[in-house]
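Biologist: Before I use any of the labels on this entry, I would like to hear what each one rests on. Shall we take them in turn?

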Amino acid sequence: MKLSAFTSGKWAGWPALGLVATATALAFGGLIGFNRSEFDWSYFSDPYFLAILRFTLLQATLSAALSVVLAWPMALALSYLKDSTHKRAFLSLCVLCFVMPTLIVITGIISLLGRSGSLSPLLGDDWNLYGLSGILIAHIYLNLPFAVRTLYLRLQSIPDASWRLARQLKFTRAQRFRRLEWAAAHSATWLLLGFIFVICFNSFAVVLALGGGPKATTLEVAIYQALKYDFNISEALALAWVQLLIAGSAFLLVSFCGKVSWLSPASAPAQLRPPATRLEQLAYRLLYACGWLFLLAPLLALTPRVIHSGVDMEFWRSLSRPLLITLGLGVVSTVLSISLAYSALRPYRRARMQQSPAALWLDWLTSHSLAVPAMVLSVGLFVLLLPHLDLDHWGIWLVAAINGLITVPFAASQLKPALLNFDSQYHRLSLSLKLTSRERRRIEWSYMAPAIRTAAAFVGMLAMGDVAIYSIFGNQDFVTLPWLIYGYASTYRLDEASLASMVFLGVCGLLIFYLEKQSPRHA
Amino acid sequence: MLEIRALQIKRGARTLHYDLQVAQGEIIALQGVSGVGKSTLLEAIAGFVALEAGHLSWEDRDLTHTPPEQRPVAMLFQDYNLFEHLTVMANLKLGVDVAMQSEIPNQAQALGIADQLDKLPGRLSGGQRQRAALLRTMLRPEPLILLDEPFSELDADTRRLATEWTRTMAERFGKTLLMVTHQSEDVSRLAHRAIHLDNAETGAV
């Protein structure tokens, strides 16, 4: 075969792109088509709806603001600390905390701060984890590490020449912050605020487990309750539309402003950064220690319960099936997600190499499902498929498929930089060498292997941790590990929840270890 | 014969004009100040640059609209000639006929890079990388060879060795060769003829 993969596969990638777009279109079709005539507009003036909307916005805004405000001093402290094994471990822990299945964190927080939590006696009689406080703690725990890592990477990117100039001009600490550090990371700060707001706005598992009733519920959970408990599809649809409009608009606004890089390796450490004063050093070390404590505390809180759990063989038997189901779902979703993302990026790459303006919207089309909350997609497909499919029978496959679809943007975000790099360096060379499609694929895949592994670990973890899609399509015939943990935690069987969480954490830890090993100089 | 007639290429606001004939087996050195359009001409012959107007043919076969992978051209770029994740040997085998692959060790010896074949390109110096890429380009089956500053990273002795080797290989396999160079010694050692592009914009070729 004389033609290269690019010219021979003129339509390569379009079926994958079409599939991703069709799934969203079908979900919208489901939302628009169902019960159109009975759509109840008065619902939007209902005090219950307004209370849910107000609380959703409040918790998302507070979570985003607190995560970013607290991340700044932590990132500054990290940037001044010398490179070391424990610092690298801390940055790896930041990745783990952000992508860790939410139910593990929730179990840890309940073990620490719940009704019989280890720290609860210190917090007074009025302390109640459930409600806004619990939601905020969990959201900060999950998003602060993401913000720290992002800001740290930005601070590391300040060139040595700037530090040299700052020293030569004898900048004060405040001037260094204003002229260099804030200048390098202020755009990331606004982006982080937007991103974390969207993540927390769409939060499901945290609010479901720690919300504590109708006073502290969000749109995402209200959709689930309307659909699963009340089977009020009209209400679920109305809520889904509001969820889509707000989360989608916020996401589009943020994505037009730029992208946050947090998984990329750090650049070379600055050699000419002015040394911290003794007082600053003390403050940075204290902050660093607090950071370790904050991130490890909920995970360590699982340990005593694990040690003293005294579970029997029956427990392990009940755990093994959900674990296998979760791993199986993770594998199927990951293979689907990576294959779709890899293929769906083909038209974008081709357009980019031809410097076609279509590249912009092809890129957007590949990642568009980020703007569609998982719950909205699930509800849309649920109401569309309900009359045609036995959802109890096909549920497991739908959970795997929708997780695969919803994680396509995450897989694409990991694959895209490496693919674009490959194209910019080797596209002309591949054409000039007249490589066959097979040769080109072999060379490209061996080049892409580390990026594919990173994407697979990342996507696998997200898919395995899913609770939102499972809550719509799942049933008792195939309980996943996160849902099992939720079941234990919500019935105060914390020993079992902790043990199951620890097993799950072990699986995730192995994946993160694998993910971080792929970066030659991981941050 | 390579024939280039009234070729026009747009580069930003500029339009470059080329008229050129090169006989089969001829070795041409393209010279001229930076930015005059030497590399652009090679890229146009290889098919990587869109043509505004004009005609390009090889042995009476019209190449004007032929895609790069169907042109009888082997090109050495200024950079990115080797896949960084493949060994040098794996790189050298790409695009080279199976029968010709047995030549690789001997020719690598002649160019002084025989010890580097099992390494990844990142472990090689700039000069070693350049010689590895040159070796592959010259062993490829295409009759028309385009070299864009092929000796720029080489010291004086290695440069002499590489230019003489290139001339020997071009003559042995009957290649037609166009080379961009800034060094007049490359012209005297290797080229049959030098073409000076003084102002391609006004069509002075």
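Biologist: In which hand does α14(A) pass α17(A), right-handed or left-handed?

Modeller: This is a predicted model, and in it the crossing of α14(A) with α17(A) is right-handed.

Biologist: Which residues make the contact of α14(A) with α17(A)?

Modeller: From α14(A) they are L329(A), V332(A), S333(A), L336(A), S337(A) and L340(A). From α17(A) they are V399(A), A400(A), A401(A), N403(A) and G404(A). By class, this contact has 7 nonpolar and 4 polar residues, and no charged ones.

Biologist: What angle do α3 and α8 of chain A make where they cross?

Modeller: The axes of α3(A), residues 47–80, and α8(A), residues 173–201, cross at roughly 150 degrees and come within 8 Å. Angles over 145 degrees count as roughly antiparallel, so that is the term for α3(A) and α8(A). Their crossing is right-handed.

Biologist: Which residues of α3(A) and α8(A) are involved in that contact?

Modeller: On α3(A) they include T56(A), Q59(A), A64(A), V68(A) and L76(A). Among those on α8(A) are E181(A), L192(A), I196(A) and F201(A). The contact divides into 11 nonpolar, 6 polar and 1 charged.

Biologist: Why is L302(A) called buried?

Modeller: L302(A) has 25 other C-beta atoms within 10 Å. A residue is buried at 20 or more, so L302(A) qualifies.

Biologist: Where does L302(A) lie, and which residues is L302(A) in contact with, leaving aside neighbours within four places in sequence?

Modeller: L302(A) lies in helix α13, residues 302–307 of chain A. Its contacts beyond those neighbours are T107(A), G108(A), S111(A), S498(A), S501(A) and M502(A). F458(A), 156 residues from L302(A) in sequence, is 24 Å away in space, C-alpha to C-alpha.

Biologist: How do you know that chain A agrees with a compact globule?

Modeller: For 523 residues the globule rule gives a radius of gyration near 24 Å; chain A has 24 Å, so the two agree. The C-alpha trace spans about 65 × 65 × 50 Å along its principal axes. Chain A has 22 helices and 0 strands, and 47% of its residues count as buried. Of its contacts with a separation of 6 or more, 86% are between residues 24 or more positions apart.

Biologist: What radius of gyration does chain B have, against that of a compact globule?

Modeller: Chain B has 17 Å, and a compact globule of 205 residues would have near 17 Å, so chain B agrees as well. Its composition is 7 helices and 9 strands. Buried residues make up 42% of chain B.

Biologist: How many residues of chain A and chain B are in contact with each other?

Modeller: 16 residues of chain A are in contact with 15 residues of chain B. On the chain A side, α18 (408–432) and α19 (437–464) each supply at least two residues. The largest share, 6 residues, comes from α18(A). By class, that side of chain A has 8 nonpolar, 5 polar and 3 charged residues.

Key:
Residues numbered from 1 in each chain as written. Chains lettered and ligands numbered in written order. Predicted model: local features only at pLDDT ≥ 70, side-chain atom pairs only at ≥ 80, totals over all residues. Contact = placed C-beta atoms within 7 Å. Nonpolar A, V, L, I, M, F, W, Y, C, P; charged D, E, K, R; others polar. Left-handed = near helix turned anticlockwise from the far one by under 90°. Rg over C-alpha atoms; globule rule 2.2 N^0.38 Å. Buried ≥ 20, exposed ≤ 12 C-beta atoms within 10 Å, placed from the backbone. Axes fitted to C-alpha atoms, helices over the stretch in contact; angles between N-to-C directions.
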